[in-house]
Amino acid sequence: MSDPNGLIQPGHAAPGFTLPATPAGDPMGPEQFRGRPVVLAFYPADWSPVCGDQMSLYQSAAPVFAQYQAVVLGISVDSIWSHRAFAESRGIEFPLLADFEPKGEVARAYGAYQPRGEAARALVVLDPTGTVAWSHLSPPDVNPGADGIFDALDQLAADRKVTTG
């Protein structure tokens, strides 16, 4: 299921979950987006500079994600209240999910939880069936950007064309 670092690896079924999501705290999870690629962006904390830059980058790339019909879900162990304030301050419109209680349960299921009590900086791309297509673990102080995500989405689009046409 995971590599020596613990992060879930491609080819495995993604663990199902629902978590409170911005803006209203309604439960949300990847299952409700079956038929579309889903990007799970685990990150350590709402208010850290690297996390803010990373989530803002994904917001600015929203038109590109839309071209792939991909959904981006940001996930950290912060509360829904922290997520809401953070999203408002940074202009983030995609959902931020609160893996708050039990703390880090979803991050643990994906192998993206750090012993210091926060999510790792990890990216997981799910294909439209809910299978892990790509995953990447970054050092906590490094913004992984979006290139790897877009490469994975390109591959999913190419695979879809081969199977459908």
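Strands E8 and E9 form a hairpin with five residues between them, and Gly130 in the turn has a positive phi of about 90°. Strands here are DSSP runs (E, at least two residues), as are helices (H or I, at least four), both numbered from the N terminus. The model is a predicted one, in which local features need pLDDT of at least 70 and side-chain atom pairs count only at pLDDT 80 or more, whereas totals for chains, interfaces and linings use all residues. Residues are numbered from 1 along each chain as its sequence is written, and side-chain values use heavy atoms, with hydrogens and water left out.

E8 pairs with E9 (residues 132-138) in the antiparallel sense over six bridges; two strands count as paired if DSSP finds at least two bridges between them. Within this pairing, Val125 stands opposite Trp134 in E9. E8 also pairs with E3 in the antiparallel sense, over five bridges, and there Val39 stands opposite Val125. Six of the six residues of E8 are buried, where buried means under 20% relative accessible area, exposed over 50%, and partly exposed in between (1.4 Å probe, protein chains only). Both faces of the strand are covered: Arg121, Leu123 and Val125 lie on one side, and Ala122, Val124 and Leu126 on the other.

E4, H3 and E5 make a right-handed β-α-β unit; right-handed means that, with the strands pointing away from the viewer, the path from the first strand over the helix to the second runs clockwise. In H3, Ile80, Ser82, His83, Phe86 and Ala87 are buried. They cover an arc of only 155° around the axis, which puts them on the same side of H3; the arc is that of the directions from the helix axis to the C-beta atoms. Trp81 and Glu88, on the other side of H3, are exposed. The cover over the buried residues includes E1, helix H1 (49-60), E4 and E5.

Arg90 also belongs to H3 (residues 80-90) and, at 35% relative accessibility, counts as partly exposed. Arg90 touches Pro49, Gly52, Asp53 and Ser56, not counting residues up to four places away in sequence; contact means heavy atoms within 4.5 Å. Just after H3, Gly91 takes a positive phi of about 70°.

What, finally, of the nonpolar interior? Such a core is a set of buried Ala, Val, Leu, Ile, Met, Phe, Trp, Tyr and Cys residues joined through side-chain atoms within 4.5 Å. The largest nonpolar core has 27 residues, of which Leu40, Phe42, Tyr110 and Val124 touch the most other members. Strands E1 (19-21), E3 (38-42), E4 (71-76) and E8 (121-126), together with helix H4 (105-109), each supply at least two residues of this core. Apart from it lies another core, of 24 residues, among them Val39, Ala41, Ile92 and Phe150.
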